[in-house]
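Have the coordinates open and follow along.

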Amino acid sequence: MSAAATTHDHAHDHAHDDHAHGHHQQNFVWKYIFSTDHKTIGMQYGLTGLIFLLFGFFLMLLMRWSIAYPGVPVPAIETIRALPAIGDLFEAMFGRWLNADGSLNGELYNMLGAMHGTIMVFFGIVPLGFAAFGNFVMPLQIGTIDMAFPRLNMMSYWFFFISCVLMMYSFFVGTGPVQTGWTMYSPLASTANIGVTSVWNHGHTWWLTAMVFNISASLLGSVNFIATIINLRTKGMTWMKMPFFCWAMFVTAFLLLLAFPPLEVAAILQLSDRVFGSSFYLPTGLMEGGKHLDISGGGSPLLYQHLFWFLAHPEVYVLILPAFAILTDIIPCNARRPLWGYKSMVYSVLTLGFLSFLVWAHHMYLTGMGTMMSTYFQITTVLISVPSVILLTCMMISLWGGSIRFNTQMLFASAFLPMFGIGGLTGLPLAFAFIDLALHDTYYVIGHFHYVVAPGTIFALFAGVYHWFPKITGRFMNDKLGKWHFWPSLVGMNLVFAPMFIQGMAGFHRRWYDGGKYFENTSGFTNWSTTLTHKIGAFFGFDIPDNMLSLNIVMSIGAFILALGQVPFIINFWFSIKGGKKTTSDNPWDATTMEWATPTPPPHGNFLFDPVAHRGPYEYSVPGHGTDFYPQWESEPGKPETNPAADKVLAHH
Amino acid sequence: MDIPYTVHARPDTGLYNAKIGIWLFLASEVMLFGGLFSAYIFLRVGADYPWPVHDLDVTLGFVNTVVLIASSVTVVMAWACLKMRKFGWYRINMAITVLCAAVFMINKTLEYKAKFAHYAVKLTDGTLLTGHLPHGYQIKFDGVTELSLSVPVKKSAVSADPVGYVLPFIEGDAPKFKTEDGQEITLDQATFASLAASAVEKAKAANKGSASIKLVAATPVKFAAKPSEIFGYTDTTITFRDGTTATGKLVDDKMTLEVDGVDARGVAQSEKSLAFDHRYLGEAWQKAFVSNRDHHISKFEKDYPTRDKSKSATLQKEALFFKLHSATPPAEGEAHGEKHGAEAHAPAEHGGGHGEAHHPTVVLEKKDITFFSNFTPKLNTYYAIYFTLTGLHGAHVVVGALVLLYFLVFDDKRLKKDPEHLANRVEVGGLFWHFVDLVWIFLFPLLYLL
């Protein structure tokens, strides 16, 4: 209510703007496309990220079809092909690889698998979690007018955009996109399709080029984030008064800054292997198709794995920390309780960031490293679970004694906690080399990390969309549709990923495009879950086999439910922009952090007054206080801040 | 609305924004080069061939080191002069910095150029011959009359493109070709496109995955191509990179090499190296090799009686990597022959230190060659990491110099209006420049000395 009082003077702000710069109303292109405003860039990242999440999900649906029904034509394939424009696009991207009868083959499956991983990780979750929410929310929360380097910020998005275009282009080149998994292990990735007429005909070259741009974008973004948090915090915003959101983004930015360059090295060396014929990753005497390759040899495939995982393990935390960031805003706000253990969470996240650089080789137990090495990596891996558990536990305890408001974002947030818990706990056994040797590359691993990132991170991202949507647009998203989004998503996610643990422990390998149909000794196995599936199927009149293959069908049904569950979200998202219920206050959730002190939507320059952080970020239900929240920016209870946003910055010149 | 702390430092952090930015950027650069240095260590420790040591020209590297350090000094002076508002001296110092960068890059170019022209050939027994290819190296085919091309119906990575991948290797003018329908055509982009289109139509009608086209040349054709430009060949066929096959007769795939070094470290009995076969260097060179080898071994035994001969990489190199300095082998006991021993230390490219380089020429048969390359990343992992490290470093030098040049030439307005801001920019650019210098300080010993 206090914030509402500050919105009165839009015109005043514009007057300031014009006065200071003397430029006129920006046209559409400069305002929304080549914008240097952190909020616009955040929205650009957000929309791109959401679109890629959907696209990556479609790739997965095709894969799941092949796994559950190997050799059966993709449903409605002829209809899809007959569609105008979309049909041609489908044909050029996927259709040309299908078998004559319209079913999937291993080649296409490998492309889908590699691109699903790449797109979800580098083009979906990181842009949405880190770049979009970070860009939009973080400068507002620390009370500044923009990022430290607004033009670099724009450059970051456009580098990312170029990398998106290049990555999508790889679907259309001669060999199609890469087929070597999102990890691009050499020597396979170095030599696959080496005989193509030109390197530009091969998806791999485009993959590597796209990644170089993607990495540059992340680099610019992370430099910007860190510099902004260090130097542009507003008055009173000391480190320990900073919302945990900003802390998590701060650590994430460091991970990106320091972990991505080794991946860039890995990509450069692999590109050199392909283009200049060097042998960084190619051992002596390597043969392909019974022929010695025309290479010098002397390199090491392990070198690639080390460089890759040195990035890719911290990358896991780049995926999860933005989720924690979002939840630490949503949970206290909707439980009306302070965040429990703020300080220990801050120290945990710093420890987590540091330790994440010391665990990478636990992805490589199977490479035959010595026991000393593997002991070291087992210890660090088990160690890193301690700060992760502290973070999760603090958020759970924050619920204790709260009067919880179960709006859509809180539903997603509260589902995150157990889902991430399952993902984390199933990861513990994998930390031990002797178990990992058996479970490596099985569906168990797939289940483990998907529980962390899918019902984990992606649920948190959805929660974030519902939470900040009113700030961005001035309108709420529909709560009923939100619930129609949440419940099928929750059911679908669990149907997809829970059976993976069972299959994985039975020995199902992650790269079987036929879902294990031709591996009788593995797939003929029966247990309670397969019998249950068989009986449920029989009840509805379907003949589902009573063996491990039945779980493939369960998972594919789960994926289908998940797909249906996204329909309400898409409708909700687009229709609420113009048709949602209007917010009546600048602080509709009665939150305490500074982004809610801005007008809605926040104008260029953000604040109408000079924001000062008077207290910690989570002052909910303060004893003796009139309302159940005490915002950071209020100098006295309920007093509107009118101290105008003077040209404080001009004083520096 | 301006971003705070772009010029003056924030009191509690003591930093202006760009300074934080550049230090963060440098941190990530440290990780980039750190990754590459780790790769260097990994490759060197795991190398299964004698790691080339002292292969590069130390003098040139040393000159470059001095030049870069000098430029690091002048960039600081430029910044200091700007802070003291001595604009003239600022300009001079900045100009010297950029000039140093140019000298560095010229040296680097010379170094690269020499390597691209120098070859190494690995023989089947593990001997490595180094030298030059006076006439290049080409596979020659004669009497080719038939071309068979294949065009896939769906878009694919390998599809016939004779104009791009076949015609360039025809010696002389391209003849006319006859199609299967008896039509006579000149092969160019347009005629091939229509030919391919009709063939694809036919293949589609017949429900085949790819269309094949046969062309018969009016007169027999000669082909000459570098092995890297084509996909493969046998005695009677040559396959181009676009999948087109030509049938004819192989006339020549021998390699003429001016040998300037015989590296027998990969051979079990070095004196029996294939290089000394009577077809190649022959007995006289073998004797010179053996006397050079024994000379070094006995010298080593005398100087270091307690050390293990097989464990000294330096001895292995001196004794078994034999440099050839003349067209004919030196006569036994000749003073000239003794001189060889001392000169075997010299890096390969200095082999021609006597003025005009005279080297014996051998004609190597294809069956004896397993691998050859010029001194590029392809040659071995040492040169691969050498080119990657120095290439990336060179790119940093160029970018850094361009930024500094921009400050010097195009930032005059800021110089007059807001010299403090320009000083900040120069400081940030200078920090980057120091980093570039620092990387070289690591590169020089790693690649040239160790």
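## A histidine with positive phi

Let's start in chain B with a loop residue. B:His54 counts as partly exposed, at 43% relative accessibility. Keep in mind while looking at it that this is a predicted model. You'll find B:His54 in the loop between helix H1 (17-45) and H2 of chain B. What makes B:His54 worth a click is its backbone: phi is near 55°, a positive value in a residue other than glycine.

## The helix pair after that loop

Now on to H2 itself. Helix H2 (residues 58-83) of chain B packs against helix H3 (residues 87-116) of chain B, with the axes 8 Å apart and an angle of about 160°. That angle makes H2(B) roughly antiparallel to H3(B), as anything over 145 degrees gets that label.

H2(B) goes past H3(B) in a left-handed crossing. Sort the contact residues of H2(B) and H3(B) by class and you get 17 nonpolar, 6 polar and 2 charged.

## A hairpin and its other neighbour

Next come the strands. Strand S1 (residues 119-123) of chain B pairs with strand S2 (residues 128-132) of chain B in the antiparallel sense, over 4 bridges. One pairing to look for is B:Lys122, whose bridge partner in S2(B) is B:Leu128. S1(B) and S2(B) make a hairpin with 4 residues between them, and B:Gly126 in the turn has a positive phi of about 100°.

S1(B) also pairs with strand S13 (residues 369-374) of chain B: 5 bridges join them, and the two run antiparallel. Here B:Val121 has B:Phe372 of S13(B) as its bridge partner.

## The seven-stranded sheet

Which order do the strands of the open sheet in chain B follow? Reading across, the 7 strands go S5-S4-S6-S3-S9-S8-S7, with antiparallel pairing. At the edges sit strand S5 (184-185) and strand S7 (230-233) of chain B, each pairing on one side only. As background, strands of a sheet pair through backbone hydrogen bonds, either parallel or antiparallel.

Strand S4 (residues 177-178) of chain B is joined to S5(B) by 2 bridges, and the two strands run antiparallel. B:Phe177 has B:Ile185 as its bridge partner in S5(B). There's a helix to look at here too: helix H5 (residues 189-205) of chain B lies across strand S3 (139-152), S5 and strand S6 (210-225) of chain B. H5 runs at about 145° to S6(B).

## Two helices meeting in chain A

Over in chain A, helix H4 (residues 38-68) and helix H21 (residues 549-579) have axes that come within 10 Å and cross at roughly 155°. The pair is therefore roughly antiparallel, and H4(A) passes H21(A) in a left-handed crossing. On the H4(A) side, the contact residues include A:Leu47, A:Leu54, A:Phe57, A:Arg64 and A:Ala68, while those of H21(A) include A:Ser556, A:Leu562, A:Phe569 and A:Trp574. By class, the contact residues of H4(A) and H21(A) divide into 17 nonpolar, 2 polar and 1 charged.

Is A:Ser556 buried or exposed? This H21 residue counts as buried, because its relative accessibility is 13% and the cut-off for buried is under 20%. Leaving out residues up to four places away in sequence, A:Ser556 touches A:Arg64 and A:Ala68.

Where are the cis peptide bonds to look for? One runs from A:Ser186 to A:Pro187, with omega near 5°. A:Pro187 belongs to the loop between helix H8 (150-169) and helix H9 (188-191) of chain A. Another joins A:Thr600 and A:Pro601, with omega about -15°, and A:Pro601 is in the segment after H21 of chain A.

Last stop: A:Asp441, which isn't a glycine but has a positive phi of about 65°. A:Asp441 is in the loop between helix H16 (433-439) and helix H17 (443-473) of chain A. With a relative accessible area of 22%, A:Asp441 is partly exposed.

Definitions and conventions
Residues are numbered from 1 along each chain as its sequence is written. Chains are lettered from A and ligands numbered from 1 in the order in which they are written. This is a predicted model: local features need pLDDT of at least 70, side-chain atom pairs count only at pLDDT 80 or more; totals for chains, interfaces and linings use all residues. Side-chain values use heavy atoms; hydrogens and water are left out. Axes are lines fitted to C-alpha atoms, for helices over the stretch in contact, and angles run from 0 to 180 degrees between N-to-C directions. Angles under 35 degrees count as roughly parallel, over 145 as roughly antiparallel, 65 to 115 as roughly perpendicular and the rest as oblique. A crossing is left-handed if the near helix is turned anticlockwise from the far one by less than a right angle, and right-handed if clockwise. Contact means heavy atoms within 4.5 Å. Ala, Val, Leu, Ile, Met, Phe, Trp, Tyr, Cys and Pro count as nonpolar, Asp, Glu, Lys and Arg as charged, and the others, Gly among them, as polar. Two strands pair if DSSP finds at least two bridges between them. Buried means under 20% relative accessible area, exposed over 50%, partly exposed in between (1.4 Å probe, protein chains only).
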